[in-house]
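Hello,

I am passing a structure on to you, with some notes on what turned up in it. Please have a look at it first and then read on.

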Number of protein chains: 2
Amino acid sequence: MIDWNDLAPAELTLLETVFWASGASRHELASRADFSKSKANAAVAGLVERGLIEETGLRDSSGGRRPETLRLARSVGVLVGIDLGATSLDVAVMAPDLTVLAHHAEAADVRAGPGVIVSRVRSLLRELLRRCDASASQVIGIGMGVPGPVEFESGLLVNPPLMPGWEGFSIRDYLREDYRAPAFIDNDVNLMALAELWRLGRQLPNFLVIKVGTGVGCGIVCHGEVYRGTEGSAGDVGHICVDYEGPRCHCGNLGCVEVMAAAPAVSRLAAEAARSGESPLLAQWLQERGALQPEDVGQASRSGDVAANAIIQRSGQLIGRMLASLVNFFNPSHVFIGGGLSRIGPLYLASIRQSVYHRSLALSTRHLHIEYAPLGERAGVIGAGVLALQETLRRRGQVQP
Amino acid sequence: MIDWNDLAPAELTLLETVFWASGASRHELASRADFSKSKANAAVAGLVERGLIEETGLRDSSGGRRPETLRLARSVGVLVGIDLGATSLDVAVMAPDLTVLAHHAEAADVRAGPGVIVSRVRSLLRELLRRCDASASQVIGIGMGVPGPVEFESGLLVNPPLMPGWEGFSIRDYLREDYRAPAFIDNDVNLMALAELWRLGRQLPNFLVIKVGTGVGCGIVCHGEVYRGTEGSAGDVGHICVDYEGPRCHCGNLGCVEVMAAAPAVSRLAAEAARSGESPLLAQWLQERGALQPEDVGQASRSGDVAANAIIQRSGQLIGRMLASLVNFFNPSHVFIGGGLSRIGPLYLASIRQSVYHRSLALSTRHLHIEYAPLGERAGVIGAGVLALQETLRRRGQVQP
């Protein structure tokens, strides 16, 4: 296993720069790391000699000699990314440049509790590592996203509303039984934001990622870094009010965006439309399938079902109301929409956009982009991989017990 | 005039550190600048010799030899801070450690336009400099706050709703006619946030400053820096909706917090309470004074007037509704309330707090402090002084034309 303490500060900086700008030329790396050409060349030579970075061949040149590009070497080891959602579990083993080597996704119920879920994670990991011929000692870092607020330094969940039984449970301790590599736990939406930041080579300093699934959450990138807030609960936007006369949420307040617009609300409205006779199509599916999911509403909408369209527009409009407040406050350049409801179709995105543009200030929206998250469902595990590598480098492989 | 280009990077860093931690000992400075003791001592010696920093005598010791403390030297020159509000103008000349040497405040109407206001600023400045025996060439930096969104790099106002006629006007060019020192323009609430950050010696990384006066604005400190957003409009929270069935705002939307809770709304509700006979006290004052201001509502409240109390509670509750969304999203450690309405009395703060605690998540509020801004009305000019010095050092006295 690599001893990160052997590396000089300049070498660590350069490794991190190579990671964030995979495929960049030596010249670009020097400029990004704010190094002189000679300092960058010396650090690159040292890292290549130790087998920490490798050349990936020549890139197309914009004129002149074709630049060689660099990436973290495969021989460094592997990264583990775990994305635990309220109803899903994704686990991946990745190369240090985040190429996915093995991946498994399955349905899961986070309410089954930490014992059940974490032992499933451990057995899946053993299987995935076997599949890519890697041993536990080759794992250099583990990242994991969970659907609740996390105190980032301790890795412990704090008051997780969707995760009863997980409060104070140390996922890190359990993973330590199998792996010497450090493990880092974060909120799932923060990891989606980190994944998009990595995809963009850290070139967008201020953007938001909104996840709409079982709950509603927001990942915040500010000054080029994921922003977690004072208690680690920044982006916990599910209980922002979008209707002061709205229905009561489990948190006790009226009209929270989560109770009115997240996946359970969409399913509930679909069942109502089926039972009331408003949508014969949804009624038929309800009878055939026993229950209706947001995917069914999306399918009905694509078949031209008017009631389904209205349900999608309503959820999009309410998400847009909340987002309009955030856009006025935060003035981001981009908002990326992810989570299960983002698979419901283009009408959803159009409804969100319309609502934001209607309610936000002209100055904040004149160059604002609102799009579905480009990394889609892979964002969770990729973000977990980014977290694993970034924090392992920053802490030289050490994490507080 | 000082040529900042003569300074080594370490000296500039140390100067900035002394500025942000005025009165700190050499030992503290070394630790804050992340310098070795010997590197810090060498830089301090060089700066003392050039007359850029000076000793301020001995501080109480916590044991052992009493530490000498340092500050930016008076001989460096003076800073100018200008705080233009919608209805007020404050101008101050300050020493480099932000001690106010001369100050003038007067009522002003920003709608009079840039020509009138800026020539008044120039003549006030000449008078204030004369009062403290300083010449125009001794001014090392100028900071100015304005009540509208500013594109920070160019110093130009962008779509300022309260400042028709100022769009595209270069305040900087006008000030350049009198001063060689660089001038920096920013939104007034950003400067309040910068002032509190300086007061706190940069020790709170994540907090908000809310200004409630003619409009409603928010200054954001994130990762220890003022956050201005992608277009410079971050914190433009006056048009966040707090009642989806509320009255129409001049922006075209319904129920914006500004139209329902800012000073004009408080004055309007006071006049209504006077005319309807709900408040005999306000009715009497309306007759005597011709119009009612928020200060009158505060005075009536302190006399036990029930209608006045209700008006204050209503504005506080609506500000709290908006703030609850921001607290859920941003998870700040502190929220400081400033602006004209913060002088209305303690009931206002209590109403804001109650509303935030009612509507925000427990995790975000368990250690949250909501207080009146400690610097109060001085925050604007002090923030302008902080901006002037910080940006002058960062840009070595150069600013884009």
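In which loop of chain A is the place of A:N253? A:N253 sits in the loop between β12 (225–226) and α7 (257–261) of chain A, where helices (H or I, at least four residues) and strands (E, at least two) are DSSP runs numbered from the N terminus.

A word on conventions before the rest. This is a predicted model, in which local features need pLDDT of at least 70 and side-chain atom pairs count only at pLDDT 80 or more, while totals for chains, interfaces and linings use all residues. Residues are numbered from 1 along each chain as its sequence is written, chains are lettered from A and ligands numbered from 1 in the order in which they are written, and side-chain values use heavy atoms, with hydrogens and water left out.

Back to A:N253: this residue is buried, with a relative accessible area of 9% (buried is under 20%, exposed over 50%, partly exposed in between, with a 1.4 Å probe and protein chains only). A polar atom of the A:N253 side chain lies 3.1 Å from the backbone oxygen of B:H358. Neighbours within four places in sequence aside, A:N253 is in contact (heavy atoms within 4.5 Å) with A:P247, A:R248, B:H358 and B:R359.

For contrast, you could look at B:D133, in the loop between α4 (114–131) and β6 (139–146) of chain B. B:D133 counts as exposed, at 72% relative accessibility.

Now the rings. Those of Phe, Tyr and Trp (its six-membered ring) pair if their centres lie within 6.5 Å; planes under 30 degrees apart count as stacked, over 60 as edge-to-face and the rest as tilted. By this rule there are 16 aromatic pairs over all chains. One of them is edge-to-face: A:W166 and A:F169, at 5.9 Å centre to centre with 80 degrees between the planes. Both A:W166 and A:F169 are buried.

Another pair, A:F330 with B:Y227, is stacked, at 4.6 Å and 20 degrees. A:F330 lies in helix α11 (residues 306–330) of chain A and B:Y227 in the loop between β12 (225–226) and α7 (257–261) of chain B, so this pair joins two chains. A:F330 and B:Y227 are both buried. Ring pairs also link A:Y227, A:F329, A:F330, B:Y227, B:F329 and B:F330 into a cluster.

Finally, two arginines in chain B lie over ring faces (CZ of Arg, or NZ of Lys, within 6 Å of the ring centre and within 35 degrees of the ring normal):

- B:R202 over B:W20, at 4.0 Å from the ring centre
- B:R289 over B:W285, at 4.3 Å from the ring centre

Best wishes

Note on methods: Polar contact = N/O pair within 3.5 Å; in protein donor to acceptor, adjacent residues only side chain to side chain.
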